[in-house]
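Trainee: Please take one chain and go through it closely. I would like its make-up on its own, and then an account of how it meets its neighbour.

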Amino acid sequence: MSTSADEFAKVAAKASGGINVTGVTKRFGDFVALDDVSIDVPDGGLTALLGPSGSGKSTLLRVIAGLEQPDEGQVLISGENTTDRRVQDRNVGFVFQHYAAFKHMTVFDNIAFGLKIRGQGTGKIRERVKQLIELVHLQGFEKRFPNQLSGGQRQRMALARALAVEPKVLLLDEPFGALDAKVRQELRTWLRHLHDDVHVTTIFVTHDQEEAMEVAEQIIVMNDGRVEQSGGPRDLYEDPASEFVMGFVGPAHRLGESWVRPHDVEIRHEPNGKTIEALIDRVVHLGFEVRVELTLQDGETFSVQLTREQVDELELKDGQIVFVRPKSSRTFSPDGTVPATVA
Amino acid sequence: MSVVNPFARYGMRFAALLYLGLLLAIPLVMIFVKTFEDGFREPLEAVTSEEGLHAFYLTLLCVGIAVPLNTIFGVLCALMIVRDKFPGKSIINSLIDLPFAVSPVVIGLALFLVYGVDGFIGGPLDDMGIQIIFSTPGLVLATIFVSLPFVVREVVPVLQEIGDDQEQAASTLGANAWQTFWRVTLPSIRWGVTYGVVLASARALGEFGAVAVVSGRISGETETLPLLVQNEYDNFNVAGAYAAAIVLAILAVLILLSMNLLRRRSSGDEDEELGLQVVAQPAKEV
Amino acid sequence: MGLRAPFGGEVLVRGTVLMWLSIIVLIPLGAVVFRSFDEGAGAFWEAISEPEAVAAIKLTVITSLVIVVINALMGTLIAWVLVRDEFPGKRIVNSIIDLPFALPTIVAGLTLLALYGNDSPIGVNVTYTKVAVGLALLFVTLPFVVRAVQPVLHELDEEMEEAAASLGASNFRIFRSIILPNLTPAIIAGCALAFARAIGEFGSLVLITGNIPFDTQVASVYIFGRIESDNTTAAAAVAVFLLVLSVVILFALNLFGRWRSRHERG
């Protein structure tokens, strides 16, 4: 991502309802959960915080919400410094991984909670809750209790509850983490559409790179309490800034000194000087796509992604000796961070 | 069930039921039989005598003061044990259980030594004209002591179970600590609190030993229902003793019924079984 | 945690809890210990080694041990029947287990008198004997082992027993090698609570045992007598003995519970 785009995001975030986090550090005892983290989220954007568990992504989200107090650094929401403001006064919408539904309240009362706290009138509350129930497609469920809802319905209720108070920003902590695969997929698409309608600045935490790439406009990759890289889904995939991002966003294999994506490998029957010898362990047909599993001479294994036509043309079979060459690959400096060369 | 052969099963069932029958059920039935074997008039007169009514009133007064105070204490204490963190917390957590372990008579003696006329708190209070021991405040104090841990012990596991997700959600929606407590925390633990209140009431109603020490047994003044039972019995008024006992027994059966209803209600409602935490889980680490 | 009450609410709660606990429980119990040593360790020793006190303590501890053994056996049996057996009225039986918790102790004593007293309808009179002491203690401690074992047995996988049976184990063998080892921690916990309750019991004993010194007088009744005769030093000495015993049991049980939960998780 170019510097000018970075600058643009920062300026855009300050100008309106965006979020700026600057130099935030958070320790739990000896464990450093966040180490000098700075991020900028533009107004109205949909941003994913992506990283493995323990990378600090949830902690960062909780710091933005005010559920955790940072040891150092600042949080700006719409250009206002909210670092010392209590969670109650930040006007953020927060959606918890396990819903945090108020079990003793109906769907209606759950969604109305924030409005009641703000002392709004009954008529106004009823109208607003009705709108939100329509928004999240829970019509007819108003009088149900959370334990009478499915996981997906509970999560939608939690979302409506967070949106009810018209938050400046919407924060979602692994929002689909506790749901099964099919519901997850539906909710992703639905969240994408919802964001197009509501347009509130949104950050969601996920450990699933596919989810991040499908839903988000901007992805911030985190590892070991630090930001590895931020940018659009395509930037991250095609231009990873570190070995970690290369391996975490999309599949990648080490081939000699460099890293390569499985679809960026050419297979030939004859050597041409730049190629490496390999043995085909297995040719796996997955429909249109074919996965060829290979072992190199040094015992390293990796797989290559080809189309059915390519495999038929080359007549690849189990047990053949072939020669492979990366079509494009990336090499990182020994500490695994700065991209040194792009072949 | 499939494993055990039927003879062994019937044998065990018979042994268990016989034991329970001889120890619990038949004696309980007997007290009803004995009370009413000469008709209803005599026991009714004994219960509605001035002495009987006063004892009943005094018992209810003790329960009425001790249980609400211990409920407030219990909820606060449970919140502290589960949500707060400070050195020495686990010691306090263990000390809460002391009233379960200490003999009622020792409890009575303890209160007598501190709040009696010669005690270091009771002495100064006596100079001010406030009498604790051998008077109603002493009875209340003893009742508070014996029923202290029940609400804490019932609420702690419920609080642990629900976690603090809902409280955090409430705070992100703008609720302050006070609003969060009343609107989210308290409704979530209500069945635990209720169960604790029922257990505490049972203990408070029937307390004998501790109350016996601090009461001085001034008939018609510091005599609760359990004390009246003994007094009547010692004075060879067996019918009067049974009459007072039957009132307590009926209350006990009502308490037993509500315990069962509550246990079923909470287990049906939220998939979590409330039990006598006192028994099943000796003070867990928190 | 993220929730921070304004104005140091946590400190206020801590203070309130500690103050309440001190006024009601800690200061008075401390006073008992203080009183027992008030006139020196010699006086304490003299008070506690007085023959009548020794007899009362002996009776209390021995009877409590006996009834704990009976409880371990019968409590486990009752728990087994309530969990694994099916018969009409099981629910009612299950609910009366808690009766000794709900019934005032003095009434418990009176109910036992009604069946096993002077004019016993079944001709069994145990009043003023050591058997009466045991009977009353069995009554008040009945729920402890049952209620400790029941949930564990409920959770115990029945397939384990079926697997053992399919491997040729007899009923007795299954109980000894499969069920019992899993129940032991719960039985021990229940027994400890029952023992702590038994050594301090008072209300259920006063009517049925006759409180005869050197015969049926237990420690708590002895303490009560000394308080009434205004000998609080003697009362406090025996009280401290009971107090220490029950506190030791309580703390041991606490440690045992922690050890067990760690053990089960690991």
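Mentor: Of the 266 residues in chain C, 56% are buried, buried meaning under 20% relative accessible area, exposed over 50% and partly exposed in between, with a 1.4 Å probe and protein chains only. The model is predicted, so to speak of local features pLDDT must be at least 70 and side-chain atom pairs count only at pLDDT 80 or more, while totals for chains, interfaces and linings use all residues. Residues are numbered from 1 along each chain as its sequence is written, chains are lettered from A and ligands numbered from 1 in the order in which they are written, and side-chain values use heavy atoms, with hydrogens and water left out.

Chain C has 11 helices and 0 strands; helices (H or I, at least four residues) and strands (E, at least two) are DSSP runs, numbered from the N terminus. Its pattern along the sequence is accordingly written α-α-α-α-α-α-α-α-α-α-α. The C-alpha trace of chain C spans about 70 × 70 × 30 Å along its principal axes. Among contacts in chain C (heavy atoms within 4.5 Å) with a separation of 6 or more, 72% are between residues 24 or more positions apart.

Now the neighbour, chain B. Contact between these two chains involves 98 residues of chain C and 94 residues of chain B. Together the two chains bury about 8500 Å², and carbon and sulfur atoms carry 77% of that area. Buried area here is the accessible area (1.4 Å probe) that two parts lose on being put together, summed over both.

The charged pairs can be listed next. The rule finds 4 salt bridges across the interface of chain B and chain C, each a side-chain nitrogen of Lys or Arg within 4 Å of a carboxyl oxygen of Asp or Glu. One of them joins the side chains of B:Lys34 and C:Asp119, at 3.0 Å from N to O. Residue pairs in polar contact between chain B and chain C, both at pLDDT 80 or more, number 11. A polar contact is a pair of N or O atoms within 3.5 Å; within protein, one must be able to donate a hydrogen and the other to accept it, and residues adjacent in sequence count only if both atoms are side-chain atoms.

On the side of chain B that touches chain C, helix H1 (residues 6-36) of chain B supplies the largest share, 18 residues. That side of chain B divides into 69 nonpolar, 11 polar and 14 charged residues. Nonpolar covers Ala, Val, Leu, Ile, Met, Phe, Trp, Tyr, Cys and Pro, charged covers Asp, Glu, Lys and Arg, and the others, Gly among them, are polar.
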